[in-house]
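Hi,

Here's the structure I promised to pass on. Have a look at it first, and then read my notes below.

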Amino acid sequence: MKTIAVDMDGVLADVYRQFIDMHFRDTGEQLDTKTIRGLKEREAFPLLEKHVHAPGFFENAPLIPGAKEALKQIHEQYKVFIVSAATEFPRSLQEKQSWLNRHFPFIPWQQMVFCGSKEIIRTDIMIDDHFKNLDAFQGKTYLFTQPHNENASSGRHLRVNSWEELVGLLATNKQKKPFL
């Protein structure tokens, strides 16, 4: 069975929505994804450090539309590993596991990987929104579109704009030919 590494923040969890909502709550300023397009997250969200260290930030992030249903479908044909760089923010370890258990109960704890650098990950496929994770990966890569990467060329990675699009690509590839 083929294996897939799926990033959490920006792929499953809508941390952009979380940052935008928290920024509005704290400042009264409404950020628009169009105005932050192409900016690194730390540039787009001046209160990022405050927010990621706030209790509940990772545990209360909303789902990316379609993520739950899509991952359930993918999980039926592939061994899915959720891979999240969670050690940068120590509070995030417990919160991310709690979030995953609540939203994706069909993914067992043995398939949840919390790490620093993802360069050690060796699955067949990786789905992520950050080039730093995809560029070091040896298998097939899918770049999940987020405002910070939207203006950049996808390079050798296949860009996907939604979970619906990604499921279609995985189903097409599975039927026609092997991924690798």
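Before the notes, one term: a helix here is a DSSP run of H or I with at least four residues, and helices are numbered from the N terminus. Keep in mind too that this is a predicted model.

With that in hand, which helix gives the most to the lining of the largest pocket? That's α6, with 3 residues. α6 covers 131–134, and α1 (15–27), α2 (41–44), α3 (48–52) and β2 also each supply at least two residues of that lining. The largest pocket holds about 810 Å³ of space. It is lined by 34 residues, and the closest to its centre are Glu41, Glu88, His130, Lys132 and Asn133. Sorted by class, the lining comes to 14 nonpolar, 9 polar and 11 charged residues.

There's a second largest pocket as well, with about 280 Å³ of space. Its lining has 15 residues, with Ile64, Phe144, Thr145, Gln146 and Asn161 the closest to the centre. That lining splits into 6 nonpolar, 5 polar and 4 charged residues.

Now for strand β1, residues 3–6. Side chains in a regular strand alternate between the two faces of the sheet. In β1, Thr3 and Ala5 sit on one side and Ile4 and Val6 on the other, and all of them are buried, so both faces are covered. β1 runs parallel to β2 (residues 79–85), joined by 4 bridges, and Thr3 has Lys79 as its bridge partner there. β1 also runs parallel to β4 (residues 125–128), with 3 bridges; in β4, Ile125 is the bridge partner of Ile4.

Cheers

Methods
Residues numbered from 1 in each chain as written. Predicted model: local features only at pLDDT ≥ 70, side-chain atom pairs only at ≥ 80, totals over all residues. Heavy atoms only, no water. Buried < 20%, exposed > 50% of the residue type's maximum accessible area, 1.4 Å probe, protein only. Pairing = 2+ DSSP bridges. 1 Å grid on protein atoms, 1.4 Å probe; cavity = no way out; pocket = protein on both sides within 12 Å on 5 of 7 lines; lining within 4 Å. Points joined across faces, edges and corners; volume = space filled by probe spheres on them. Nonpolar A, V, L, I, M, F, W, Y, C, P; charged D, E, K, R; others polar.
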